[in-house]
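Hi everyone, thanks for coming. I'd like to walk you through one structure today, so please have a look at the screen.

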Amino acid sequence: MQTRPEDAQLPYYEDFSPGTGSLPPRAWYPSSDAARLSLNGTWDFRLSPTAEGADTAFSGDDPAATAGWDQLAVPGHWVLQGHGEPAYTNVRYPFPVDPPHVPTENPTGDHRRVFDLPEGWPTDGETVLRFDGVESCARVWLNGQELGTFQGSRLPHEFAVGHLLRPAGNVLAVRVHQWSAGSYLEDQDMWWLPGIFRDVTLLHRPVGSAADFFTHAGYDHTTGEGVLRVDSEVPGRVLVPELGLDLATGEEARLPVEPWTAETPRLYAGELVTAGERVALRIGFRTVRIEDGVLKVNGRRILFRGVNRHEFHPERGRALTSETMREDVLLMKRNNVNAVRTSHYPPHPAFLQLCDELGLWVIDECDLETHGFVDFEDWRGNPVADERFTPALLDRAERMVERDKNHPSVVIWSLGNECGAGDGLTAMADWIRARDPERPIHYENDRTSRDSDIYSRMYASHAEVELIGQRAEEALDDPELDAHRRASPFLLCEYAHAMGNGPGGLTEYQRLFREYERCQGGFVWEWIDHGLPKVTADGVPYFGYGGDFGEELHDGNFVCDGLLFPDRTPSPGMTEFRKVIEPVLLTADPETGLVTVTNDQDFADLSALAFEWAYEVDGESVAGGPLTVPPLGPGESARVPLPGRPGTDRPGTAVWTFRAVLADDTAWAPRGHLVAWGQLVAAEAAAPPAVAGPAPRRAGDVIELGAAVFDGTTGALLRLGDLALPHAPRLDVWRAPTDNDLGAAWQTEDRHGELWRALGLHRMRHRLAGVELGERALTVRTRVAPAAAEVGLATSYTWQAEGDALVLRVSVLPDGPWRTTLPKVGLRLGLPAEFGSVTWFGGGPGEAYPDTRRASVLGRYRSSVDALQTPYVRPQENGARADVRWVELRADSGPALRVDAVDEPFYLTARRWTSEHLDAAEHTSDLVPSDTVWVNLDHAQHGIGSQSCGPGPLPEYHLRPRAFHFALRLSAA
Ligand code: GAL
């Protein structure tokens, strides 16, 4: 290892400056007629433990220099290809904070690729070598000549290389350091994943080729005209054949056009023609403005139904393929999402192209976060307040804006995430405003909003959002800043933390966004769980999270907080969000039989949608047909009559369902795709007539009641007709705390999951107080309480026979000074493992809890017990089906257990392990089926909320101890 004298100049990877040798940033475009060559593929690779431990001989021609090296896929991260390990931290830097210094242990990946130029590669002009993303610092050589160095991981860097190229045997060598001064600016909450993770491309630049250009395509909503001007460093002509346009660069054209919006992503194909190149343009006409404190596009207020998207793939990390990018956009569109914040760095440029094409509003965020300084007094040392870092900050702002400025989807620039405040941010904002005055600037982490055109917050409670909506938020000390902030539109750049089971409370946020003009929506945190695949010693696959890779510091499963599971399967949170943000609202009035249809879009009418109705009894289809809805404009409503109720003598719960589906195939989903729906219960099933049942009687060790047999001592139900119950029903209040139940350590509000455990609700004891044989009923009285506590639940079970069925009435009366809520209140029973098949009439197909139940559709469902489980990356309470009217649990042979709701529907959960086992599991692979199917029939559940980072459940969803009375009918079917 080389040594460095104390006073020597700092090496480039500890340099505050962003690098040397690269070309000025310029606009990105997907294609032109100039030649290009992808250098993606298999490269030679060697990992060294320190930055300067290895020689640089690999930069030259000698093939022996790579003897013994491995091979690596580029784009890719070496830590996901068997060299070292990934590491996860949220806020904390995983190295001593001593900017610009980085640890001596600085994993360094040497990459080398030998390539030939394709036949006929032009020799005129220039050739540029482009890196679209390298984490975190690179030094580059071509054919033994050093080109330069750079930092700024998720931003492009180009070098002029024409003079160095040879027809064959070019040697491209790249040394990548995991840590650099730039790492201090890249403290985003995600895996640390070094490597060349985006494309490497060689681009021919013919003589007279286009350099940088800026397409200004505004839309004047008062006249319906587009205003087009393309400013180009190299003059040329702008052709838009569809509009009959042929104008010089720099010249302005005004003419009638169809505007671009996320709902109607109308793009016009054009070309920029310079002397040496034809560049494809995709022009979307739209104008973004803040007027009267409201953010408007094309003259109309817009509402963001957004998500925060990190680039993530479980095998590939941030090295996404174009298929994955497309899949993300399609999934967003299909789930009614209309906006993305590119948290917390500019995405691969092709992603923005997809947003232009398929229609998503984008907040493009700079590659910047210095959150780790928050732990030091007054953010001491914060790079955004340290002028030595300012050139690097400006470089990042410039590289983002220059690269992405021609995307109509990008409507807001964001300076970065969680950097506190500092003049460096102001310098970035000033530069961006001067370069692109046509887009507002967003920044959240400075309460004064001094650099931001938008008042942005994360995880604000409903109550606070409401105040802000009224422009009645608490004042800032500085009246000028206060006036600026109060006059700004409001966004929740993050809300509804989608970690584990949840988020709850979405409906109530959406209500506020609809009610207050200033509240222009939000961005759920976040799009996808960043779980990495692992396998147990026994070969069972599971997803790992922080701490599973030998990290010294880590933040556990806080990295798994998305609406999608790591494999991109939508979680119940996604389904719920999709429902809550529907672009069309469908509600029916039971009195009038009228369906109110509201077009909740900002621009489009309803002509893309077809409407239909269905009528079902007990989940079986009776009739259906089209529903005629006028082509309502945005914001308009109409009342539409349902057809007369179809006649049927089928008994059961009668339900109307109405749906809005795509009338035709679109670029993002096929015809018939469900966009919005509503339901109306027309009639509940009639309760069976009460029959006076027999009296309970003792027979030896047991008590008989109708077809049922109970233990004579404990009063536990042993058998119902031919059905034996190995674990009789009894009160259960425990659920395996969700991430949202547990809450985040920094929260000051009650963290219910912690309080439940502290009180011992996971170890309740049942004391038998009496077994009473009455005239018509068997009553079992108990007191259920944890050790060492003075609180308890006086619980009685009253059993009556009705024919072959049993009706069980449960009453739960809290005693003592209860200070906590309850996780839930219900019954738990156990059946033999063979009872693996479940049919129910109730909410489904997926799980639902009190504040996450909007997406639950009333119907008849069938599932295996296994398929009822929601595979949260960190196991926790999951899988409850809400509003259940009846359920049958069945084995392959023999009688089924049927449970019918009496008076009120219940929540149903069935799993092959207990809640205690679920609670103890850390990964899905810890969940091992037992010989019992555990069934929970819950009368009530505590809400879910979003306290893993934000507010807990709203008070109306708190399950407070009170008298509970509920009843169920059990039969052997
Ligand atoms: C925010 C942050 C995100 C993420 C989230 C919690 O504070 O901006 O990057 O850490 O909290 O998951």
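I'll start with the overall layout and then move to the ligand site.

One thing before we go on: this is a predicted model.

So, the layout. Domain 1 contributes seven residues to its contact with domain 2, and domain 2 contributes five residues.

Now to the ligand. Where does the ligand sit? You'll find the ligand in the largest pocket. There are 13 residues around the ligand, and those that come nearest are Asp189, His344, Glu418, Glu494 and His497. By class, that shell has five nonpolar, four polar and four charged residues.

For Asp189, a side-chain N or O atom is 2.4 Å from an oxygen atom of the ligand. For Glu418, the corresponding distance from a ligand oxygen to a side-chain N or O atom is 2.5 Å. With the side chain of Glu494, a ligand oxygen has an N or O atom at 2.7 Å.

And how much of the ligand does the protein bury? Taken alone, the ligand exposes 310 Å², and 95% of that is buried by the protein.

That's my tour; I'm happy to take questions.

Methods: Residues are numbered from 1 along each chain as its sequence is written. This is a predicted model: local features need pLDDT of at least 70, side-chain atom pairs count only at pLDDT 80 or more; totals for chains, interfaces and linings use all residues. Side-chain values use heavy atoms; hydrogens and water are left out. A residue is near a molecule or strand if one of its heavy atoms lies within 4 Å of it. A polar contact is a pair of N or O atoms within 3.5 Å; within protein, one must be able to donate a hydrogen and the other to accept it, and residues adjacent in sequence count only if both atoms are side-chain atoms. Accessible areas come from the Shrake-Rupley method with a 1.4 Å probe; for residues, only the protein chains shown count as cover. On a 1 Å grid over the protein atoms alone, a cavity is a set of points where a 1.4 Å probe fits but cannot get out, and a pocket is an open set with protein on both sides within 12 Å along at least five of seven lines; lining residues have an atom within 4 Å of a point. A molecule sits in a cavity or pocket if more than half of its atoms lie within 2 Å of its grid points. Ala, Val, Leu, Ile, Met, Phe, Trp, Tyr, Cys and Pro count as nonpolar, Asp, Glu, Lys and Arg as charged, and the others, Gly among them, as polar. Contact means heavy atoms within 4.5 Å.
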